[in-house]
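Dear colleague,

Please find the structure below, with its sequence. After it, I set out what was found, written for someone who is new to reading such models.

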Amino acid sequence: MSQRHAPPFAADVIITGLGPTGLVLAHVLGKRGHKVVVIEREPVFYGNARAVYTDDECLRIFQSIDLADEVSARMMPETPVQFVRKDGRVLGQYRPLKRIFGWPVVNFFYQPYLETQLSDLLARYPNVEVWRGRELVDFTQDADGVTASHRATQDVRFGDATDARVSRDIAEDVQTLRARYLVGADGGRSVVRSRLGIEMTGRNFPEPWLVVDLVRKPGHDGLRHLPYFNFVVNPRMPVVSCVQPDGFHRFEFMLMPGMTREWMEKPETVRQLLSDYVDPDHFEIKRKLVYTFNALIARDWRRGRVLLAGDAAHMTPQFMGQGASSGIRDASNLGWKLSGVLDGLFGDAILDSYGRERHGHAKAMIDISVLMKDLVSMTNPIGTLLRDALLRITQLVPPMRRWFEEGGFKPMPVYDRGHYLGLPRRRRDGPEGALAPQPEVRLIDGRRVRLDSMLGDGFALIGLNCDPRDGLAAGQLEGLARLGTRFVTLYGYAGRPQGLKDVARSGAPDLPEVEDIGDLMVGWFRKAGFRDKGVAILRPDRFAFGLTAAGRTGPAVDELFRQLAMRPAEAGSIAA
């Protein structure tokens with residue numbers, strides 16, 4: 001389509017899919033003032049509970065869009081995850097309590113609560129519209145934008161008890177919508193990915209599982225004996241028992257040889273299976289469904305002005321609870337970059353870094369989920385003996401026990417060397433390209449807050465025991481101001497300058513001073529080689545662009561501008 005005949009832009013971004021990925025991306029872009037249209041094929045939210053878990057990284061993302069306190073209030077934080085025998089004997093526990101990123105590591109939720117909250121709270125942004133009951137048909141793109149065709153959804157989900165669909169006898173009502181970018185967050189059967197012809201690589205797993213979602217009936221308890229998340233490593237039938245808020249609970253039963261889908265879904269079979277763990281009469285069955293799972297990742301995450309996110313870009317087995325969380329990370333990474341391009345600050349090429357960065361971490365989460373699947377679903381007698389022996393050893397050897405309990409097996413949020421937007425990683429475990437910690441900090445008036453609440457939505461320069469602006473030229477400060485950069489001076493706890501000699505009686509009004517209560521970030525600086533003074537450049541998603549010596553930040557700032565392909569100030573805003 002030629003630019004001369006292209007219709008005007010009705011939106012900055014079209015998002016297809018209103019799951020956790022699309023919802024978070026809509027919030028990220030909506031908060032930054034962009035016009036967003038979300039196309040969701042289901043006319044009604046039925047509320048199937050699919051995802052059940054999220055982590056500290058994602059709660060930090062919710063914090064960045066002013067949602068963390070509200071959504072976490074309906075979660076079960078710091079719930080232990082266990083490997084157990086069928087009778088409940090514990091073989092090993094995952095129970096991390098450190099809050100490196102400012103939030104609990106383990107959080108179980110009920111997905112309908114989360115999605116309803118995220119959807120309802122989009123009302124705070126008049127620049128975000130949600131079009132339910134519309135499905136993407138096709139799209140074309142040119143040098144300036146994307147034109148999407150959409151219609152009234154022809155077949156919809158019938159209810160929340162199954163995934164059955166029914167056809168509707170309604171007019172298609174095909175319409176077009178033009179935007180600058182299109183993001184396909186439309187799930188594992190992504191229409192956007194299919195239209196782009198992007199292949200996925202990985203594995204499909206033939207082992208079917210029966211999932212049964214329950215809710216406790218009024219007047220009954222029935223779950224006191226199952227207070228935690230359990231992987232029941234029973235070689236005769238592996239089972240997953242998952243706690244959720246407000247009396248909701250999920251069981252997953254692995255189908256064994258000779259069991260059919262039809263037999264497993266029969267009410268009498270479901271009742272028999274549940275009876276081994278709970279009294280079925282005390283619960284209402286919300287859904288029962290036999291499913292298989294995949295471990296797949298897209299070869300490309302971007303084609304021109306069209307990008308993939310969430311399950312459209314990667315499918316993760318459920319055994320680490322990282323499917324929805326990986327999509328939320330996608331939305332955070334893509335959101336600030338897309339916003340900068342729309343605002344005319346960054347060159348379009350920065351969007352290529354989205355797939356480069358997220359691919360490696362998403363793949364690591366897929367791999368650890370497959371490993372967890374192999375451990376949980378093991379039925380070979382020799383293999384189960386070896387697994388159980390390994391679990392016993394981890395409990396007997398204190399360093400191994402701590403490693404297991406604190407989740408040393410979980411991939412850290414660190415981008416692959418050479419594939420991230422930032423300064424080169426100087427050492428193997430260097431902070432460049434890794435998510436920075438978020439300490440609790442003490443303000444001069446004694447209040448305690450999480451550090452990110454001081455940093456706004458843009459870049460941030462954190463000076464350890466120094467003014468991070470020292471040594472920066474006027475032009476560099478001007479460029480940082482265009483990026484919405486905040487500056488903070490960080491001291492160790494009880495380490496603020498004091499005394500009557502050589503200490504200013506008042507600080508700069510635009511340079512907050514904070515104390516690191518637990519020396520979490522102070523220790524992070526120290527590990528990077530900055531024991532006394534240093535400056536950290538943090539991206540809007542709080543990954544570290546780089547660390548430098550105090551007073552020598554200028555070259556790093558110039559490199560930041562270069563990698564962002566920053567446009568001159570007179571270029572103005574694309575979205576205007």
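Arginine 542 counts as buried, because its relative accessibility is 4%, and buried means under 20%. Please keep in mind throughout that this is a predicted model. Arginine 542 sits in the loop that runs between strand S27 (534-538) and strand S28 (544-548). Its phi angle is near 70°, a positive value in a residue other than glycine.

Aspartate 519 also has a positive phi, near 55°, and is likewise a residue other than glycine. This aspartate belongs to the loop between strand S26 (513-516) and helix H13 (520-527).

Salt bridges

Side chains of opposite charge can pair when their charged atoms come close. In this model the count comes to 54 salt bridges.

Lysine 31 takes part in a salt bridge with aspartate 66, at 3.3 Å from N to O. This pair links distant parts of the chain, 35 residues apart: lysine 31 is in helix H1 (residues 20-31), while aspartate 66 is in the loop between helix H2 (56-64) and helix H3 (68-72). Aspartate 66 is partly exposed, at 45% relative accessibility. Lysine 31 is partly exposed as well, with a relative accessible area of 23%.

Lysine 31 also meets the side chain of aspartate 457 in a salt bridge, at 3.0 Å from N to O. Why does this pair tie together parts that are 426 residues apart in sequence? It does so because lysine 31 lies in helix H1, whereas aspartate 457 lies in the loop between strand S23 (448-450) and strand S24 (460-464). Aspartate 457 is partly exposed, and its relative accessible area is 34%.

Arginine 442 and glutamate 515 form another salt bridge through their side chains, at 3.0 Å from N to O. Arginine 442 is in strand S22 (residues 440-442) and glutamate 515 is in strand S26, so this pair ties together parts that are 73 residues apart in sequence. Arginine 442 is partly exposed, with a relative accessible area of 29%. Glutamate 515, in contrast, is buried, with a relative accessible area of 5%.

Which residues are linked in a network of salt bridges? They are Arg41, Glu42, Glu135, Arg151, Asp155 and Glu172.

A nonpolar patch on the surface

Leu390, Ile393, Leu396, Val397 and Met400 form a nonpolar patch on the surface. Together, these residues have about 440 Å² of accessible area. Helix H10 (residues 381-396) gives the most to this patch, with three residues. Isoleucine 393 is found in helix H10. With a relative accessibility of 40%, isoleucine 393 counts as partly exposed. A patch is made of residues with over 30% relative accessible area, so isoleucine 393 passes that cut-off.

A cavity and a pocket

The structure holds two cavities of 30 Å³ or more. The second largest cavity contains about 30 Å³ of space. Its lining consists of Val71, Arg74, Met75, Phe109, Tyr110, Tyr113, Leu114 and Gln117. Which helix gives the most to the lining of the second largest cavity? Helix H4 (residues 111-120) does, with three residues. Sorted by class, the lining of this cavity has six nonpolar residues, one polar residue and one charged residue.

The second largest pocket holds about 660 Å³ of space. It is lined by 21 residues, and the closest to its centre are Met412, Val414, Asp429, Trp524 and Lys527. The lining of the second largest pocket divides into 13 nonpolar, two polar and six charged residues.

With kind regards

Definitions and conventions. Residues are numbered from 1 along each chain as its sequence is written. This is a predicted model: local features need pLDDT of at least 70, side-chain atom pairs count only at pLDDT 80 or more; totals for chains, interfaces and linings use all residues. Side-chain values use heavy atoms; hydrogens and water are left out. Patches are made of residues with over 30% relative accessible area and no salt bridge: like charges are joined within 9 Å, nonpolar side chains (Val, Leu, Ile, Met, Phe, Trp, Tyr) within 5 Å. Accessible areas come from the Shrake-Rupley method with a 1.4 Å probe; for residues, only the protein chains shown count as cover. A salt bridge is a side-chain nitrogen of Lys or Arg within 4 Å of a carboxyl oxygen of Asp or Glu. Helices (H or I, at least four residues) and strands (E, at least two) are DSSP runs, numbered from the N terminus. Buried means under 20% relative accessible area, exposed over 50%, partly exposed in between (1.4 Å probe, protein chains only). On a 1 Å grid over the protein atoms alone, a cavity is a set of points where a 1.4 Å probe fits but cannot get out, and a pocket is an open set with protein on both sides within 12 Å along at least five of seven lines; lining residues have an atom within 4 Å of a point. Grid points are joined across faces, edges and corners, and a volume is the space filled by probe spheres set on the points. Ala, Val, Leu, Ile, Met, Phe, Trp, Tyr, Cys and Pro count as nonpolar, Asp, Glu, Lys and Arg as charged, and the others, Gly among them, as polar.
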